[in-house]
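Visitor: I am new to this structure. Please show me how to read its features.

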Amino acid sequence: MKHLICQSCGLPFSGKFMGTNRNNTKNDEYCLSCFDNGEFVDHSLTMHSLEVKLVEMAEVHNEITLEEAQSVIKNLPYLKRWHMSIM
Ligand SMILES: [Zn+2]
């Protein structure tokens, strides 16, 4: 199966967790927890709050390793959603 990387949160996701467009088609650029029904779930999300969340996922919830969190954080500025904010 194709391994997708969410262009908002930077986490890998599978086809089952693809975001959805307004016309109910799947969006393969964003995961379902970031993008639903044609818009971002959390409009006020910033790259910084995402960094905090990723570190929490590693340190508090053990959902990912700290190394994974750090490599995702390093890549955030290159993702489609955040690309503009560093120009
Ligand atoms: Zn996402």
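Guide: Start with a definition: four donors count as tetrahedral if all angles lie between 85 and 135 degrees. Donors are N, O and S atoms within 2.8 Å of the metal (3.2 Å for Na, K and Ca), and water is not among the atoms, so sites may look incomplete. This is a predicted model, where local features need pLDDT of at least 70, side-chain atom pairs count only at pLDDT 80 or more, and totals for chains, interfaces and linings use all residues. Residues are numbered from 1 along each chain as its sequence is written, and side-chain values use heavy atoms, without hydrogens and water.

Visitor: Which residues are the protein donors of the zinc ion?

Guide: Cys6, Cys9, Cys31 and Cys34 each donate through SG, lying 2.3 Å from the zinc ion. Along the chain, these donors follow the spacing C-x2-C-x21-C-x2-C. Cys6, in the loop between β1 (4-5) and β2, and Cys34, in the loop between β4 (26-31) and β5 (35-36), are 28 residues apart. Strands here are DSSP runs of E, at least two residues, and helices are runs of H or I, at least four, numbered from the N terminus.

Visitor: What is the geometry of the site of the zinc ion?

Guide: Ideal angles for four tetrahedral donors are 109.5 degrees. Here the 4 donor atoms make angles of 104 to 113 degrees, and the site is tetrahedral.

Visitor: Are Cys6 and Cys34 buried or exposed?

Guide: Buried means under 20% relative accessible area, exposed over 50%, and partly exposed in between (1.4 Å probe, protein chains only). Both Cys6 and Cys34 are buried.

Note on methods. Tetrahedral: all angles 85-135°; square planar, octahedral: opposite > 155°, others 65-115°.
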